[in-house]
Amino acid sequence: MSNANWGCCFSENDNCDEFIVCVKCERKYHYACMIIDRKIITSDLLAIWACPECVHLQPKTANKDNTPVRNVSTVRGNKRIAIGSPQSDPEKVNISMEDIRQVVEGVMDDKMNDLFKRFNENLVRFFAKEIKPMRDEF
Ligand SMILES: [Zn+2]
Ligand SMILES: [Zn+2]
């Protein structure tokens with residue numbers, strides 16, 4: 001029954017069942033004082049809940065962790081840009097991907113057209129050779 005265990009208002013008489021314990025400093029806080037809706041309280045939340053004081057201490061390390069993450073996402077963005085066009089803006093990456101698809105389809109069409117032309121040429125030559133003797137016979 002030590003008031004020192006309370007991190008908020010030190011009044012154990014008022015709604016003393018409705019409190020949450022900080023996992024960091026192990027001080028007790030009333031839901032009402034923390035403006036926590038009892039409906040959102042779960043065993044998972046109780047297992048990880050930290051008081052504002054302790055939470056304020058965490059972002060300092062969290063920010064250090066976030067900075068590399070942002071750099072990683074930037075690197076990812078550059079890689080995507082590199083796939084498309086190195087000079088294009090990030091907004092144009094999607095267009096570049098579409099361009100790549102169109103270029104690939106265009107190359108495929110060119111190859112198919114080239115093959116088709118060669119095939120036709122060979123076919124024409126073949127018939128030309130075959131038809132000539134036949135014409136000579138008739
Ligand atoms: Zn309180
Ligand atoms: Zn705490």
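A: Helices (H or I, at least four residues) and strands (E, at least two) are DSSP runs, numbered from the N terminus. This is a predicted model, where local features need pLDDT of at least 70, side-chain atom pairs count only at pLDDT 80 or more, and totals for chains, interfaces and linings use all residues. Residues are numbered from 1 along each chain as its sequence is written.

Q: Which elements does the protein have, from the N terminus on?
A: The order is β-β-α-α-α-α. That gives two strands and four helices.

Q: Where is confidence lowest, and where highest?
A: pLDDT is the predictor's confidence in each residue, from 0 to 100. Helix 3 (residues 52-84) is lowest, at a mean of 58. Helix 2 is highest, at 93. The protein averages 75, and 64% of the residues score at least 70. Where pLDDT is low, the predicted coordinates should not be read in detail.

Q: How many of the residues are buried?
A: Buried means 20 or more other C-beta atoms within 10 Å of a residue's own; exposed means 12 or fewer; partly exposed is in between. The C-beta atoms are placed from the backbone. Here, buried residues make up 4% of the 138.

Q: What is the phi of E26?
A: Most residues other than glycine have a negative phi. E26 is not a glycine, yet its phi is positive, about 60 degrees. E26 sits in the loop between strand 1 (19-21) and strand 2 (28-30). E26 is exposed, with 11 other C-beta atoms within 10 Å.

Q: Where is I35 placed?
A: I35 lies in the loop between helix 1 (31-34) and helix 2 (43-48). Its phi is also positive, near 55 degrees. I35 is exposed, with 7 other C-beta atoms within 10 Å.

Conventions. Chains lettered and ligands numbered in written order.
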